[in-house]
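Work through the exercises below with the sequence and the 3D structure open. Try each task before reading its solution.

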Amino acid sequence: MVDATDSRPGLDPDRASFTTALNAARDQAVHAAGVIADTVIDLVGVIGDHVLANLLPDRRIRTKTRMIKRSNSKYQARGPHIDRRTYKATTSIDVITNEP
């Protein structure tokens, strides 16, 4: 893939599709094409031609810095420092007796 993208000046290697290269290599192996190599070695070859014919679009420019994604929770996030000493405590006692 890098040899194919290096054959065109100014082409970013990120635009080469791994899936396209894998499928082209699989097809070459299945058809047993190019088993006998010529004396001249073409670095781009059939696989590189497929990669160059099916380039991915340019990558988008990152607009935000990388950050850890927060999980979606149905409970409101209160943070790691919750002061539980200010909560009101409610105590109740119920006495149940059997009548004689």
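**Exercise 1.** In this predicted model, find what covers the buried residues of α2, and state which residues of α2 are buried.

*Solution.* 
Step 1. A residue counts as buried when its relative accessible area is under 20%. In α2, this holds for T20, A21 and A24.
Step 2. Seen down the axis of α2, the buried residues fall within an arc of 100°, so they line one face of the helix.
Step 3. The cover over these buried residues includes α3.
Step 4. On the face turned away from the buried side, α2 carries the exposed residues F18, T19, A29 and V30.

**Exercise 2.** Compare the span of α2 with the span expected at 1.5 Å a residue.

*Solution.* 
Step 1. Helix α2 covers residues 18–31, and has 14 residues.
Step 2. From its first C-alpha to its last, α2 reaches 20 Å, close to the expected 20 Å.

**Exercise 3.** How many salt bridges are there, and which parts of the chain does the pair R59 and D14 tie together?

*Solution.* 
Step 1. Side chains of opposite charge can pair when their charged atoms come close. The cut-off used here is a side-chain nitrogen of Lys or Arg within 4 Å of a carboxyl oxygen of Asp or Glu. By this rule the count is three salt bridges.
Step 2. One of them joins R59 to D14, with the closest N and O atoms 3.7 Å apart. R59 lies in the segment after α3 (45–53) and D14 in the loop between α1 (2–6) and α2, so the pair ties together parts that are 45 residues apart in sequence.
Step 3. In another, R15 and D58 meet at 3.4 Å, N to O. Because R15 is in the loop between α1 and α2 and D58 is in the segment after α3, this pair links parts 43 residues apart in sequence.
Step 4. R26 also forms a salt bridge with D27, and their closest N and O atoms are 3.7 Å apart.

**Exercise 4.** Which residues form a nonpolar patch on the surface?

*Solution.* 
Step 1. The patch consists of M1, F18 and L22, with about 320 Å² of accessible area together.
Step 2. L22 is in helix α2, and its relative accessibility of 48% makes L22 partly exposed.

Terms used. Residues are numbered from 1 along each chain as its sequence is written. This is a predicted model: local features need pLDDT of at least 70, side-chain atom pairs count only at pLDDT 80 or more; totals for chains, interfaces and linings use all residues. Side-chain values use heavy atoms; hydrogens and water are left out. Patches are made of residues with over 30% relative accessible area and no salt bridge: like charges are joined within 9 Å, nonpolar side chains (Val, Leu, Ile, Met, Phe, Trp, Tyr) within 5 Å. Accessible areas come from the Shrake-Rupley method with a 1.4 Å probe; for residues, only the protein chains shown count as cover. Helices (H or I, at least four residues) and strands (E, at least two) are DSSP runs, numbered from the N terminus. Buried means under 20% relative accessible area, exposed over 50%, partly exposed in between (1.4 Å probe, protein chains only). The expected span of a helix is 1.5 Å times one less than its number of residues. The arc is that of the directions from the helix axis to the C-beta atoms. Contact means heavy atoms within 4.5 Å.
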